[in-house]
Amino acid sequence: MSAALGLQAKQKQTLQLSLRLWLPLLQAPLQDLETVFKEHSYDNPFLEYNSSFESSYNSSGLIEEINTYKESFYEKVSNQIDAPLFPTPNSQNVAMEILDNIDSDGYFDGDTETIAVKCNTTKEFVESIRQRFAYIDPCGVGAYDMIECFEFQLSQLNVDTELSQLIEKMIKNLKGIDKYHKHHRFEEATQIIKKFKSPPAIDYQEDNEYIVPDFFVDVDEDISVRINHSYYPDIVIKDPFKSKNDELKYKLKEARDLVNLLELRKSTLYKLVLIIVERQMGFFIGSELKPMTMAQVAEEIGFEESTISRAVSNKYIKCDRGIFSLKSFFTNAVSKNLSSSEVKHFIQNLVENEDHDEPLTDQDLVEKVMQRYNMNMVRRTITKYRKQLEIPSSKERKKIYKVRS
């Protein structure tokens with residue numbers, strides 16, 4: 001009996017070790033793999049890695065496969081709508097609806113009751129999910145206004161109760177903030193408030209992010225998919241100890257697991273990309289994306305939907321049309337064979353070619369979409385798509401056009 005219990009404990013320990021290593025390794029961006037294995041090698045005497053990063057430089061010292069990519073505000077936030085903060089499909093669905101109702105400044109301008117009806121849940125549950133946005137970067141996103149934005153940012157600070165209470169009072173009475181000047185911690189609180197950002201999305205776009213494509217998709221007489229092996233570190237298992245205690249045996253197993261899991265990452269992502277390319281074949285030869293959900297792909301590949309979400313996070317494909325995140329290939333169906341991506345592309349073209357003196361309103365856009373695709377659609381959906389595309393409202397665009405002219 002004791003032997004059986006010991007075996008079960010060992011199997012559970014092995015599973016826990018593999019899961020602890022697997023999910024971060026699967027989710028890590030390609031260019032971060034070297035850092036991941038470097039950190040593991042610091043405390044694992046059996047693990048040795050050889051960086052292949054240098055081989056990716058050409059004679060001019062430039063990285064051939066690296067591309068300049070500016071992550072949109074929508075992508076930045078949506079990438080964080082995942083466990084553990086949003087652990088269930090329901091909470092993730094509500095969170096995405098909330099995101100669709102966040103403006104370009106980062107403030108929530110939607111209606112929780114409307115979202116509750118759409119998601120078949122309660123207004124209280126929607127509000128509880130919105131409150132979790134306080135833990136999302138950029139901090140303050142999802143707040144109703146500047147005061148709540150500051151409160152979100154305050155909640156993430158490690159300050160004592162006295163200082164926190166003072167700051168909260170000052171936030172709620174910013175116009176009369178001087179009334180607290182006699183408090184012995186007034187200057188300390190003031191300095192903290194000065195560091196708060198409003199609107200919360202004010203500087204998220206300031207820096208360009210350099211990314212490395214995980215896969216190359218080549219279109220010739222046929223379509224081929226290539227893994228970008230250049231940025232995968234070469235891992236070596238060395239065995240410098242003749243005798244091993246339990247701790248060393250654990251470290252040796254960890255090193256071997258890391259090697260196996262690195263190969264599993266490659267094969268898992270390769271299968272995933274093959275499915276994406278197969279289902280979105282038309283896109284790679286110049287057409288629009290077709291409806292495709294993570295749930296559909298998860299069922300085909302044999303993983304949980306949450307695992308697919310982690311797998312596609314921060315992963316990219318480079319093809320003749322440019323460089324695209326894997327997440328961008330998942331698009332909901334507006335009708336049987338029409339994806340939201342195609343409708344967004346149509347809206348983008350309409351705005352790019354609109355009359356600058358009389359920009360198209362959301363109502364104009366919805367009428368043109370219904371005429372183009374011979375279908376019914378509500379204005380709120382078009383407004384949501386416009387915000388996802390980060391296109392200002394017709395009034396804001398008119399002001400921009402006047403400034404540029």
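**A tour from a pocket to a sheet**

Start at the second largest pocket: its lining has nine nonpolar, four polar and eight charged residues. (Nonpolar means Ala, Val, Leu, Ile, Met, Phe, Trp, Tyr, Cys and Pro; charged means Asp, Glu, Lys and Arg; the others, Gly among them, are polar.) The model is predicted, so local features need pLDDT of at least 70 and side-chain atom pairs 80 or more, while totals for linings use all residues. Residues are numbered from 1 along each chain, and side-chain values use heavy atoms, without hydrogens or water.

Now select Asp 103, Ser 104, Asp 105, Lys 387 and Glu 390, which lie nearest the centre among the 21 lining residues. (A pocket is an open set of points on a 1 Å grid where a 1.4 Å probe fits, with protein on both sides within 12 Å along at least five of seven lines; lining residues have an atom within 4 Å of a point.) Helix α16 gives the most to this lining, with three residues. (Helices are DSSP runs of H or I, at least four residues; strands are runs of E, at least two.)

In α14, Ser 340, Val 343, Lys 344 and Ile 347 meet Ile 382, Tyr 385 and Gln 388 of α16, with heavy atoms within 4.5 Å. These contact residues divide into four nonpolar, two polar and one charged.

Finally, show the open sheet, whose four strands come in the order β5-β4-β7-β8 with mixed pairing (at least two DSSP bridges make a pair). β5 (223-227) and β8 (322-325) are at the edges with a single partner strand each, so one side of each has no neighbour in the sheet. Inside, β4 and β7 run parallel, joined by two bridges; zoom in on Phe 215, whose bridge partner in β7 is Ile 317.
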